[in-house]
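The briefing below goes with the sequence and the coordinates shown here.

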Amino acid sequence: MTTAKRFWLLMLGINVMVFGFVAYSAIAPGALTKTTLLPGVTSHGHYQIEMRCDVCHTEGSGIRQDACLDCHAEELRLAKDTHPASKFNDPTNADLLSVLDAQNCLTCHREHVQEQTLTMGLTMPADYCFHCHQETLETRPSHQDFAFDSCATAGCHNYHDNRALYENFLLKHADEEDFLSTMAGLIRTPVVESNTTQLNGDDADAPEDWMSATAEDVATLDDWASTTHAAAGVNCSGCHASEVESNSADVALKTDSEPELQWTRSVGLDACGKCHERQRATFFEGHHGMRLAIDLPAMTPAQARLPMHVDAAHRQLDCNACHAGHRFDTQYASVDACLVCHNDEHSRTYQQTSHYESWVKEVAGEMASGSGVSCATCHMPRLEDDDGNVWVQHNQNANLRPNEKMIREVCMNCHGLAFSIDALADRDAINQCFAASPSVHIESVDLAKARFEEKQRKKEQRLKQK
């Protein structure tokens, strides 16, 4: 067979395959999906929402800068972003911006570029610090031997959130013990109004046809009656019923009549959000709830990229996935709910650690409330708002990317700063769920102390010369 014949046979074969694929797509809806058209693998920070291209892209115009801020603006605000776009509005920074446009998220962070995606789940130029801070390698002797692309090494500098790593903070906490004498974690106190009447099973206001005298219903009422919901006066209708909307003016005028209620056995996020808005909002920001936030079906463990238990593959991750209906057991939600799904090394090892031992003792009443260390202690920490109210962060990824964000909100409740930095930089320690002390050492605190001592020495010399 001649070369020309081989060429035309090859072209014919390609055309047949293309025609067949297009024809199949036409008769089999869904055969040609958006996944087929993705320009590359989506990072683990965004892969769950890759079917909603419009969340980040505008057709014909590429990625929108404000799409990044739609999801991350509040996080940057709370982090007191050390490099906000406004910082670069100063005309004196024009030369720097011509090299690296720090006002645009997309300068550093791209999507669908697997070969450039780092372990944090995003793309990031390794040398971005060097473009603006070359003089640091010259003016600080301690930094002269550091590689130009090592600034963001764990425990050193963080571009957006440097709250636990800036020099004054390092100095303030430089001499802390590895293990603090007392845990300083926040205690969550359920809010119950002083005039609220405790409800019990007899007070349930659900329709009679729901409350048939079966053992299951009795157990449901007992569960509900033992919760803080009942203590706070939240009856069945508070979650299971909503007022029927009507456009009738006649109905609208009957203000003295009881509103007609629409009852449902299924309780969704909106019902929970009526009282737990902050928890609902942060749940939508994390991996567990980000699909629901953009009207996609709920996340399931089967869709996760971390190892998960096979028998949990099809569980839908909503409020009830962790807070079982009518019981809302926060102890179960703090550990068991996590381990039902997660099957990675870090999760599996947790029950062999001193952290877990402390949690078992707290649950048994042998240690004070809040002194045990559960999965939620670290990954869904208790935070305090401006009014002093303690609430639980439901974005379980908020302090993981990068994990230095965990230092102030979590680690330093029990450990000194230097120990915390070392532990979070030790990949083996992380995999073993911190069953042992860290085996690596980050010099951040040492460098801050050395710089302070050098400045003090020079100050004393100047005083002596006077």
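In this predicted model, C433 is buried, with a relative accessible area of 6%, and belongs to the loop between α22 (427–431) and α23 (444–465). The phi angle of C433 is near 55 degrees, a positive value in a residue other than glycine. Most residues other than glycine have a negative phi, and most peptide bonds are trans.

**Backbone geometry**

- D295 is another residue other than glycine with a positive phi, here near 65 degrees, and its place is in the loop between α13 (290–293) and α14. D295 is exposed, with a relative accessible area of 73%, whereas C433 is buried.
- Where is the cis peptide bond that involves P402? The bond joins R401 and P402, with omega at about -5 degrees, and P402 lies in the loop between β6 and α20.
- G365, which comes just after α18, takes a positive phi of about 85 degrees.

**Cysteines**

- How many disulfides does the structure hold? The count is zero, and the cut-off that matters here is that two cysteine sulfur atoms must lie within 2.5 Å.
- For C239, the closest cysteine sulfur is that of C272, and at 6.6 Å the separation is too far for a bond. C239 is partly exposed, with a relative accessible area of 23%.
- C375 is likewise in no disulfide, the nearest cysteine sulfur being that of C338 at 4.2 Å. With a relative accessibility of 14%, C375 counts as buried.

**Helix α18 and its packing**

- Helix α18 covers residues 354–363, and within it H355, S358, W359 and E362 are buried.
- Why do these buried residues line one face of the helix? Seen down the axis of α18, they fall within an arc of 100 degrees, so they are on one face.
- The buried residues of α18 pack against α15 (330–334).

**Aromatic pairs and charges over rings**

- A search of the whole structure finds six aromatic pairs. One of them joins Y166 and F169 in a tilted arrangement, with 5.8 Å from centre to centre and 50 degrees between the planes. Within this pair, Y166 counts as partly exposed at 38% relative accessibility, while F169 is buried, with a relative accessible area of 6%.
- The rings of F179 and F419 also form a tilted pair, because their centres are 5.2 Å apart and their planes stand at 50 degrees. This pair links distant parts of the chain, since F179 is in the loop between α6 (167–172) and α7 (215–225) and F419 is in helix α21 (residues 417–425), 240 residues apart.
- R278 lies over the face of W391, at 4.9 Å from the ring centre, and R305 lies over the face of Y47, at 4.1 Å from the ring centre.

**Loop residues and their contacts**

- N395 is in the loop between β6 (390–392) and α20 (406–409), and at 7% relative accessibility N395 counts as buried. Leaving out residues up to four places away in sequence, N395 touches T282, F283, E285, G286 and H379.
- F328 is in the loop between α14 (319–322) and α15 and counts as partly exposed, at 26% relative accessibility. Apart from neighbours within four places in sequence, F328 is in contact with T227, H229 and H323.
- F328 and W224 are 104 residues apart in sequence, yet their C-alpha atoms are 8.5 Å apart in space.

**The chain as a whole**

- The chain contains 23 helices and six strands, and 31% of its 466 residues count as buried.
- Among contacts between residues at least 6 apart in sequence, 59% join residues at least 24 apart.
- The chain exposes about 29,300 Å², of which carbon and sulfur atoms supply 54%.

Key: Residues numbered from 1 in each chain as written. Predicted model: local features only at pLDDT ≥ 70, side-chain atom pairs only at ≥ 80, totals over all residues. Heavy atoms only, no water. Buried < 20%, exposed > 50% of the residue type's maximum accessible area, 1.4 Å probe, protein only. Helix = DSSP H or I, 4+ residues; strand = E, 2+ residues; numbered from the N terminus. Arc of directions from axis to C-beta. Contact = heavy atoms within 4.5 Å. Areas by Shrake-Rupley, 256 points an atom, 1.4 Å probe, with all protein chains shown as cover. Phe/Tyr/Trp six-rings, centres within 6.5 Å; stacked < 30°, edge-to-face > 60°. Lys NZ or Arg CZ within 6 Å of the ring centre and 35° of its normal.
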